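Reader: I have a chain to go through before I set anything up. Can you show it and take my questions?

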Amino acid sequence: ISRYQQAIPLYPEVAHIPMLAYVPGRKGGRRISQYTQTVDLMPTVCDLMGVDIPPSVQARSMAPFLKGSRKAGPSHVICSPTISHEGLQVPHPTSRSSIYSGDWLLVYGSQVDKITDRETTNMVDSVLRQVRTLEKGPIRPALYNLKRDPDCRRNVIGAHKNVAGRLHKHYLRFLENANVPERHLQFFRSL
């Protein structure tokens with residue numbers, strides 16, 4: 001139950017949502033099992049409308065899949081709240097990211113030894129509230145095998161360090177490509 005009372009629950013019941021799309025000119029419907037993210041919508045709409053996708057866009061167009069391409073999509077996706085911005089001194093460890101790849105989910109936050117200030121959030125109604133956390137001390141990464149444990153109840157990071165390491169490398173590369181400054185990136189470099 002404690003996982004639902006953390007700052008940002010990025011477990012499958014929140015992050016794994018279906019997307020329905022209508023593409024004019026395409027007949028019939030079909031189910032596509034590909035990783036996508038909400039940020040992929042903008043380049044997809046641009047692509048479908050024949051508009052150039054700006055080079056600053058870091059998301060991927062889903063148009064090839066919607067048009068029937070069988071080419072493999074991304075091997076992983078990352079679901080995350082904002083973990084780095086100009087006014088932030090130290091990334092708060094309760095703001096965790098979820099890195100999905102195949103049957104695996106790595107839940108990972110900044111590796112800060114002590115939670116010194118209360119995290120706040122505006123939620124959906126713009127009222128600033130303190131976030132209640134049940135964590136005592138550092139928040140450590142957790143790895144789940146979604147095929148064997150779809151409810152994410154058994155952290156298996158100890159038995160599958162190699163999988164956790166691979167997912168962490170994807171995540172770190174993502175942060176580096178997103179130009180997260182080193183003053184924040186340093187808290188994400190270790191698993």
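Predicted model: local features only at pLDDT ≥ 70, side-chain atom pairs only at ≥ 80, totals over all residues.

Reader: How many helices and strands does the protein chain have?
Author: The protein chain has five helices and six strands. Both are DSSP runs numbered from the N terminus: helices are H or I with at least four residues, strands are E with at least two. From the N terminus on, the order is α-α-α-β-β-β-β-β-β-α-α.

Reader: What share of the residues is buried?
Author: Of the 191 residues of the protein chain, 37% count as buried. Buried means under 20% relative accessible area, exposed means over 50%, and partly exposed lies in between, with a 1.4 Å probe and protein chains only.

Reader: And the accessible surface of the protein chain? What does that come to?
Author: About 12,300 Å², and 54% of that belongs to carbon and sulfur atoms. Areas come from the Shrake-Rupley method with a 1.4 Å probe; for residues, only the protein chains shown count as cover.

Reader: On to helix 4. What does it reach from its first C-alpha to its last?
Author: Helix 4 (residues 161-177) has 17 residues and reaches 24 Å, close to the 24 Å expected at 1.5 Å a residue. The expected span is 1.5 Å times one less than the number of residues.

Reader: Which of the residues of helix 4 are buried?
Author: Val163, Ala164, Leu167, His168, His170, Tyr171, Leu172 and Leu175 are the buried residues of helix 4. An α-helix has 3.6 residues a turn, so residues three or four places apart point the same way.

Reader: What covers them?
Author: The cover of the buried residues of helix 4 includes strand 1 (77-79), strand 2 (97-101), strand 3 (104-108), strand 6 and helix 5 (182-185). Contact here means heavy atoms within 4.5 Å.

Reader: What follows helix 4?
Author: Asn179, whose phi is positive, near 60°. Asn179 lies in the loop between helix 4 and helix 5 and is exposed, with a relative accessible area of 62%.

Reader: Where is Cys152, and what is its phi?
Author: Cys152 is in the loop between strand 6 and helix 4. Its phi is near 55°, a positive value in a residue other than glycine. Cys152 counts as buried because its relative accessibility is 3%.

Reader: Now Asn145. Which element is it in, and is it buried or exposed?
Author: Asn145 is in strand 6 (residues 142-145), and it is buried at a relative accessible area of 9%. A polar atom of the Asn145 side chain lies 3.0 Å from the backbone nitrogen of Arg148. A polar contact is a pair of N or O atoms within 3.5 Å; within protein, one must be able to donate a hydrogen and the other to accept it, and residues adjacent in sequence count only if both atoms are side-chain atoms. Leaving aside neighbours within four places in sequence, Asn145 is in contact with Asp103, Trp104, Pro150 and Val156.

Reader: What about Gln111, which side chain does its own side chain make a polar contact with?
Author: That of Arg140, at 3.0 Å. A polar atom of the Gln111 side chain also lies 2.7 Å from the backbone oxygen of Gly109. Gln111 is in the loop between strand 3 and strand 4 (120-121) and is buried, with a relative accessible area of 13%.

Reader: How many salt bridges are there?
Author: The count comes to three salt bridges, each a side-chain nitrogen of Lys or Arg within 4 Å of a carboxyl oxygen of Asp or Glu. Asp149 pairs with Arg154, the closest N and O atoms being 4.0 Å apart. Asp149 is buried, with a relative accessible area of 5%, while Arg154 counts as partly exposed at 48%.

Reader: Which residues are linked in a network?
Author: Glu176, Glu182 and Arg189 are linked in a network of salt bridges. The closest N and O atoms of Glu176 and Arg189 are 3.1 Å apart. This pair links distant parts of the chain, with Glu176 in helix 4 and Arg189 in the segment after helix 5, 13 residues apart. The side chains of Arg189 and Glu182 meet at 2.8 Å, N to O.

Definitions and conventions:
Residues numbered from 1 in each chain as written. Heavy atoms only, no water.
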